[in-house]
Amino acid sequence: MFQAKLIVTGDDFGYCPQRNQGIVECFLAGAVSNVSLLVNGSAAADAAKLATRYNIPIGLHANLSEGSPVCEALKTNSSLLSEAGFFHGKMGFRTALSKGLLNMSEVKQELKAQVDLFHELTGHLPPHMDGHQHIHVLPKVRHVFAEVLEEYGIEYTRVPIEPGLHNCDWIEPSLMDFYVGVEEDSLKTVDVFTKHGIRWPDIYIGLSTMGKNMSVSAIQNAIDTAIVEFTSKMPAHPVPQRRTVTIELMVHPGYPSVPPIGGCGEGPDDFSQSWERLHELQTLIRPELQSHYKTRNIQLCSFKDL
């Protein structure tokens, strides 16, 4: 029988006090086992203190698309900034990148500044580092991102290729277009990350179960389907240490942001103010989800436990 190790990562830790509160409640309830910190978030310092107080495993959610840079030299006159003086935004970053307007040396400078600030806030380097709004798998950025991880000795990341994504007919077409783009970028990133000695869990889940699309059955089905698909591709007689399959479930629980508090320098966005944050929180702490993990021999853990 295969054992599964499941990392349930609460993204956007540090975004606002309400997000911090919700993620901590999920961790204490055994529903989240790992968090990803936005160091340019308005509540990042408090988030780091909470992680220390409650011994929450914490990594870095590198952000190049929302709010302000943390590198002082890039806060004015940088290719990473729009005319308004903030990062270009989720789609704006992708547009600027496709037009060749982003300076990759500035991308590297900002990523390193975020790792350094993470170290300053937490007292240690991040065991894992991923990208806010999946910017880390984009063309050109993926190479710089990999170089930074290798330079700092950060072993783990996230590669958002979700099994069964194309069968999820409940996802709105515009959102599915974005997810398919993320998947295509991720597939092209695998070789780059591998070359730099970077690792990630066997299975990623989190696009099909996000916000209003999250339910106990959606998470159960996504995990069960992914494990069946993954184990069916393994040799009939695997070596003993490969009887464990590793999974990361990306989640965004919390209480809705209350403007003007929150965000990464330009106030909280619609995503953070939505009822969907609370919906995720309430779903993740449901006892039937916890009992499903036990029934399926799924052990919650963090990247440090892989």
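This is a predicted model: local features need pLDDT of at least 70, side-chain atom pairs count only at pLDDT 80 or more; totals for chains, interfaces and linings use all residues.
In soluble globular proteins, nonpolar side chains tend to be buried together. In the present model, the largest nonpolar core comprises 73 residues, and the members that touch the most others are F13, L111, M129, I223 and Y293. One of these, L111, is in contact with A62, L64, M129, V144, F145 and V148 when its neighbours within four places in sequence are left aside.

Helix α2, which spans residues 44–54, has both a buried and an exposed side. The buried residues of α2 are A44, A47, A48, L50 and A51; viewed down the helix axis they fall within an arc of 160°, and they therefore line one face of the helix. The exposed residues K49, T52 and R53 are carried on the face turned away from this buried side. The cover over the buried residues of α2 is drawn from several elements, including the strands β1 (3–13), β2 (34–37) and β3 (58–62) together with the helices α1 (17–28) and α4 (104–122). Just after α2, a positive phi of about 55° is found at N55.

Two packed helices are described by the angle between their axes and the distance between the axes. For α1 and α2, the angle is about 15° and the axes lie 11 Å apart; because angles under 35 degrees count as roughly parallel, α1 is placed as roughly parallel to α2. The contact between them is made by N20, V24, F27 and L28 on the side of α1, and by D46, A47, L50 and Y54 on the side of α2. The crossing in which α1 passes α2 is right-handed. Of the residues contributed by α2 to this contact, A47 and L50 also belong to its buried set.

Two further residues, each located in a helix, were examined individually. A96 lies in helix α3 (residues 90–98) and, with a relative accessibility of 4%, counts as buried. Apart from its neighbours within four places in sequence, A96 is in contact with H88, L101 and L102, whereas D12, 84 residues from A96 in sequence, is 23 Å from it in space, C-alpha to C-alpha. Q220 is placed in helix α7 (residues 216–232). The relative accessible area of Q220 is 18%, and since buried means under 20%, Q220 is classed as buried. With neighbours within four places in sequence again left aside, Q220 is in contact with E288, L289 and H292.

Terms used:
Residues are numbered from 1 along each chain as its sequence is written. Side-chain values use heavy atoms; hydrogens and water are left out. A nonpolar core is a set of buried Ala, Val, Leu, Ile, Met, Phe, Trp, Tyr and Cys residues joined through side-chain atoms within 4.5 Å. Buried means under 20% relative accessible area, exposed over 50%, partly exposed in between (1.4 Å probe, protein chains only). Contact means heavy atoms within 4.5 Å. Helices (H or I, at least four residues) and strands (E, at least two) are DSSP runs, numbered from the N terminus. The arc is that of the directions from the helix axis to the C-beta atoms. Axes are lines fitted to C-alpha atoms, for helices over the stretch in contact, and angles run from 0 to 180 degrees between N-to-C directions. Angles under 35 degrees count as roughly parallel, over 145 as roughly antiparallel, 65 to 115 as roughly perpendicular and the rest as oblique. A crossing is left-handed if the near helix is turned anticlockwise from the far one by less than a right angle, and right-handed if clockwise.
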